[in-house]
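I opened this entry to keep a record of what I looked up, one topic at a time.

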Amino acid sequence: MSLRSFDEFCEKMILAEPGSQKVVYDERQNVMRMRLAIEALLIYAGLTIVNSMVMELFYQWAESWATVALLYMVLCVLWWSVRCAVKGCLAPVSGRNAQKISAGMSILVGATNLVRYVFDIGEEDYFVKNGMLSEDFMFALCFVLLIGCGVFILCVMRHEEKKNKDGE
């Protein structure tokens with residue numbers, strides 16, 4: 001179903017049932033989030049394929065392929081969050097508490113796992129090991145980005161709440 005036909009369906013539903021505009025807006029947000037999630041997954045697949053070819057054929061720039069895949073995953077989640085915030089569908093009409101809890105959990109998981117890698121910064125070969133980025137550095141970078149993603153989502157949620165409070 002295209003968004004245009006979805007809009008036509010929603011207009012018919014609003015005319016048939018007064019007070020259902022909130023439900024329609026929530027469904028439209030779900031459709032937009034799903035499309036942006038598919039976009040982020042396609043970007044992740046493309047990055048992973050290109051990286052596999054580069055690391056296999058030309059130069060292995062990281063110590064582990066799994067840490068690079070994890071880095072690309074966190075970058076795509078951050079990309080998805082920014083795109084959803086720009087489109088206005090990151091803060092859902094219903095389920096805001098679940099969104100806040102998931103953002104808080106990403107901050108908590110990122111912070112607790114980052115502690116393990118922060119204490120190793122003083123070690124020799126922390127950043128580069130044998131001409132490749134080390135696993136410890138890549139994990140630390142991933143967890144920092146995960147914390148940033150959680151903080152970004154919480155800031156967007158707070159901004160939407162303020163905007164809705166001022167609009168009432």
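**Entry 1. Start of helix 3.** I began with the N-terminal cap of helix 3, where Ser64 places a side-chain oxygen 3.2 Å from the backbone nitrogen of Ala66. The model is a predicted one. I located Ser64 in the loop between helix 2 and helix 3. Ser64 counts as buried because its relative accessibility is 14%, and the cut-off for buried is under 20%.

**Entry 2. Length and end of helix 3.** I checked the span of helix 3, residues 65-87. With 23 residues at 1.5 Å a residue, helix 3 should span 33 Å, and its end C-alpha atoms are 33 Å apart, so the two values agree. Just after helix 3, I noted Gly88 with a positive phi of about 85°.

**Entry 3. Buried side of helix 3.** Which residues of helix 3 are buried? I listed Thr67, Val68, Leu71, Tyr72, Val74, Cys76, Trp80, Ser81 and Cys84. For the spacing I kept a general point in mind: an α-helix has 3.6 residues a turn, so residues three or four places apart point the same way.

**Entry 4. Nonpolar core.** I then looked at the largest nonpolar core, which has 14 residues. Which of them touch the most other members? They are Leu36, Trp80, Cys84, Cys89, Leu90 and Ile153. Helix 2, helix 3 and helix 5 each supply at least two residues of this core. Helix 5, residues 135-167, gives the largest share, four residues. Trp80 and Cys84 also stand in the list of buried residues of helix 3. As a general remark, nonpolar side chains tend to be buried together in soluble globular proteins.

**Entry 5. Cys149.** I looked up Cys149 separately and found it in helix 5. Is Cys149 buried or exposed? Its relative accessibility is 3%, so Cys149 counts as buried. I also took the C-alpha to C-alpha distance from Cys149 to Ala103: 7.8 Å in space, for a separation of 46 residues in sequence.

Entry 6. Tyr59 sits in the loop between helix 2, residues 21-57, and helix 3. Tyr59 has a relative accessible area of 48% and is therefore partly exposed.

Entry 7. How many salt bridges does the structure hold? I recorded four. One of them joins Arg83 and Glu39, with the closest N and O atoms 3.0 Å apart. This pair links distant parts of the chain, since Arg83 is in helix 3 and Glu39 is in helix 2, 44 residues apart. Both partners count as partly exposed: Arg83 at 25% relative accessibility and Glu39 at 24%.

Entry 8. I turned to Lys100 and Glu161, whose side chains meet in a salt bridge at 2.3 Å, N to O. Lys100 lies in helix 4 and Glu161 in helix 5, so the pair ties together parts 61 residues apart in sequence. Glu161 also meets Arg158 in a salt bridge, here at 3.9 Å, N to O. Arg158 and Glu161 both lie in helix 5, three residues apart, about one turn of the helix. For accessibility I wrote down 29% for Lys100, 24% for Glu161 and 48% for Arg158. Each value counts as partly exposed.

Entry 9. I looked for positive phi in residues other than glycine. Asp125 has a positive phi of about 65° although it is not a glycine. I placed Asp125 in the loop between helix 4, residues 96-118, and strand 1, residues 128-129. Asp125 counts as partly exposed, at 42% relative accessibility. Asn130, another residue that is not glycine, has a positive phi near 55°. Asn130 lies in the loop between strand 1 and strand 2, residues 132-133. At 71% relative accessibility, Asn130 counts as exposed.

Notes. Residues numbered from 1 in each chain as written. Predicted model: local features only at pLDDT ≥ 70, side-chain atom pairs only at ≥ 80, totals over all residues. Heavy atoms only, no water. Expected span 1.5 Å × (residues − 1). Buried < 20%, exposed > 50% of the residue type's maximum accessible area, 1.4 Å probe, protein only. Polar contact = N/O pair within 3.5 Å; in protein donor to acceptor, adjacent residues only side chain to side chain. Core = buried A, V, L, I, M, F, W, Y, C linked by side-chain atoms within 4.5 Å.
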